[in-house]
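Student: Could you show me how to read helix packing, a sheet and a chain contact in a model like this one?
Tutor: Let us look at the structure first and then take the features in turn.

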Amino acid sequence: MSEHVGRAGRAGRLRRLDAGLSLLDRQILDRDGRLSGKVDDLELTPPEGDGSGPPVVTAILSGPGALARRLRGSVGAWLESVHSRLHPSAEPGPARIPFGVVKEIAATVGLSVRKDDLELSRFEDWTRDHIIGRIPGARHAPE
Amino acid sequence: MRIRVAGALGLLVLGGCVGPARTTDDYTRKASTSVHDVHSAVETARLGVDAVARDRTTGPYVSVLLGQAEEQATSVQSTFDSVQPPNEDADRLRDEVDGLLTQAVSVLGDVRIAARRGDTDGITGRGPALADISKRLSDLEDRLG
Amino acid sequence: MKRFVAVTLGILTAIGGFVDIGDLVANAEVGARFGFDLAWVVGVGVIGICVFAEMAGRVAAVSTRPVFDLVRERLGARAALANLLASSFVNFLTLAAEVAGIALALELASSVSYLLWIPFTSLAVWLVIWRVRFETMERIFGLAGLSLVAFAVGFWRLGPDWGSVFHSVSHPVVPSGEGHATYLFYAVSLFGAAMTPYEVFFFSSGAVEERWTTDDLNVNRANVLIGFPLGGILSLSIMGTTALVLLPRGITVDNLAQVALPTVLALGKLGLAFLLIGFFAATFGAALETALSSGYIISQFFGWQWGKMVRPVDAPRFHAVVLVSLVLGAMLVLTSVDPIKVTEYSLVLSALALPLTYFPILVIANDPDYMHGRTNGRVANALGSIFLIIVLVASAAAIPLMIVTKAGQ
């Protein structure tokens with residue numbers, strides 16, 4: 001998949017990247033440098049106007065659900081079934097990061113927001129609230 | 001893919017199974033392996049007894065060592081007994097081997113009991129019996145080839 | 001002076017941390033059955049793990065990311081997922097074997113059945129992961145593992161004929177009475193014991209946990225290149241003791257008590273005490289490493305926050321994976337499946353999975369985008385390629401040999 005990226009960064013500069021090589025499977029870091037998942041898939045929208053030209057990347061999709069959809073075949077289907085069984089909310093759609101909050105694309109993909117500000121981590125929050133957070137010492141700083 | 005995984009797992013499990021003995025040779029081989037394994041357990045026990053005699057060891061260690069030697073021998077015997085002898089010649093072999101294995105298990109049991117009780121004399125006193133059964137097992141193993 | 005102490009500590013930790021339940025079982029079994037005829041495999045395995053641990057450490061120090069983290073972006077999601085599934089499975093079996101190993105060590109000390117110890121040992125492993133600092137954890141269990149030097153002392157005290165030992169080591173033959181397939185099967189198992197996959201995942205992620213930089217590279221190279229070979233000598237000592245005492249009596253090794261037996265006969269109660277401490281430290285340390293590794297590789301595949309370097313609430317999925325792995329591992333052991341058999345299977349499967357672990361390291365260590373000018377030199381690449389071939393051969397042979405020899409019978 002080598003579509004070209006339409007827009008990156010708040011400055012709105014157009015950068016043409018080979019999205020397949022530069023974006024997919026990269027680590028996402030939020031504003032504070034925290035690990036926030038991988039670029040599991042990309043949301044592409046047809047370009048405005050006359051419809052000619054390459055589709056534009058409008059969002060990054062992250063999460064096992066998105067990954068499962070991208071990996072065709074039995075492995076992807078298996079992953080999707082595990083994910084939908086474990087997912088806490090009723091409708092497990094992939095977490096969507098609108099491309100506007102992507103600050104930089106380098107070895108990792110940097111966001112301009114904190115990961116809590118986005119609907120990124122429902123599974124993480126659930127695990128934190130229901131399991132790990134309940135164990136004494138979970139908030140203890142690492143010495 | 002699921003079938004392939006199941007197949008692979010099946011092969012793994014079968015790797016450890018004991019099959020039936022169809023020929024006398026086959027049966028003799030199984031007998032020989034069983035004798036070898038029980039001989040190994042008896043020799044282990046002899047070394048354990050030696051360690052006790054020379055005050056080289058602690059109670060817990062030697063009772064685990066001797067207990068596991070007995071478990072090993074018992075398990076080998078029951079596996080051997082479960083194999084169907086293919087013919088009447090094999091029957092005779094079965095009786096001989098089984099007889100010897102029974103004696104071995106019995107001595108190992110006595111030694112284990114003494115060990116669990118911390119009965120040092122009881123342990124060392126069984127040394128000669130273990131040596132004797134070990135010799136007979138190894139003679140049989142040599143004969144079976 | 002301080003630096004000298006730090007370097008020495010690092011080396012000692014590497015030596016003590018080298019041996020785990022797989023090494024204890026494999027080396028003891030092989031010594032009792034083949035004498036010194038498979039000693040060369042330990043040598044090959046040690047060189048292999050040195051080569052790849054150095055690369056993995058360099059990748060972590062230079063790119064500040066562990067190797068497995070980079071597998072997905074470098075080799076693609078599908079390859080990485082296949083790698084994850086296979087590695088996780090092998091890791092899990094190894095974890096179960098190590099957890100059982102801790103309990104077996106306690107059984108030898110107390111004669112209380114190992115099954116009764118399992119709940120406590122699993123809980124203890126989890127508690128240490130939860131609360132003890134990474135470096136402290138590594139140090140304590142690594143140094144305590146040095147207790148296993150009792151094997152080397154025991155071997156020496158058993159008065160081996162050094163001439164014939166060296167001859168046997170340097171002129172390996174398949175002993176009469178053993179088939180070639182069985183010989184090769186045990187070679188593969190021994191190789192899997194020396195080059196355990198989890199070691200690389202742990203080492204690589206641990207380097208990031210301890211925040212290695214390029215300044216640390218030389219020290220850590222020393223730890224690996226001096227520590228691991230000395231650890232290999234410990235492995236050979238285990239093999240040596242059983243070769244001298246058990247082999248002549250036709251004793252095959254089926255349990256941990258027999259592994260200790262030759263050293264007990266040679267050194268008595270003091271030797272036994274050292275061994276039991278060493279068994280406990282080696283298996284406990286390895287249980288920590290495999291449990292953490294299962295958390296590392298799953299989290300790194302999905303891009304979740306991982307590591308002991310942050311508060312547990314900040315890496316909840318990582319800690320959940322570790323917790324679940326320990327619980328499942330304990331449950332497997334509690335089915336009273338023979339833990340030695342589990343160990344043996346984990347070694348064969350480790351050998352099978354080795355290419356998945358080592359191929360990515362070789363690729364990434366050569367990638368200038370990650371390595372910022374510190375890509376592999378010619379020596380590293382030559383050795384790495386040779387070992388990749390060895391590892392592929394061992395992996396391809398593992399399952400056929402296991403079937404043909406009925407897992408070494």
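What follows is a dialogue about a predicted model.

Student: At what angle do the axes of helix 3 and helix 12 of chain C cross?

Tutor: The axes of helix 3 (residues 39-63) and helix 12 (residues 217-245) of chain C come within 9 Å and cross at roughly 160°. Angles over 145 degrees count as roughly antiparallel, and therefore helix 3 of chain C is roughly antiparallel to helix 12 of chain C. The crossing of these two helices is right-handed.

Student: Which residues meet where helix 3 and helix 12 of chain C are in contact?

Tutor: On the helix 3 side they include Ala39(C), Val46(C), Glu54(C) and Arg58(C), while helix 12 of chain C contributes, among others, Leu217(C), Arg221(C), Phe228(C) and Met239(C). By class, this contact has 14 nonpolar, five polar and three charged residues.

Student: What is the strand order of the open sheet in chain A?

Tutor: The four strands of this open sheet in chain A are ordered 2-1-7-6, with mixed pairing. Strand 2 (35-38) and strand 6 (102-105) of chain A are the edge strands, each pairing on one side only. Strand 1 (residues 27-29) runs antiparallel to strand 2 of chain A and is joined to it by two bridges, and Leu29(A) has Leu35(A) in strand 2 as its bridge partner.

Student: How many residues does each chain bring to the contact between chain C and chain A?

Tutor: Chain C brings 23 residues and chain A brings 26 residues. On the side of chain C that touches chain A, the largest share, four residues, comes from helix 14 of chain C, and by class this side has 11 nonpolar, four polar and eight charged residues.

How values were computed. Residues numbered from 1 in each chain as written. Chains lettered and ligands numbered in written order. Predicted model: local features only at pLDDT ≥ 70, side-chain atom pairs only at ≥ 80, totals over all residues. Contact = placed C-beta atoms within 7 Å. Nonpolar A, V, L, I, M, F, W, Y, C, P; charged D, E, K, R; others polar. Axes fitted to C-alpha atoms, helices over the stretch in contact; angles between N-to-C directions. Parallel < 35°, antiparallel > 145°, perpendicular 65-115°, else oblique. Left-handed = near helix turned anticlockwise from the far one by under 90°. Pairing = 2+ DSSP bridges.
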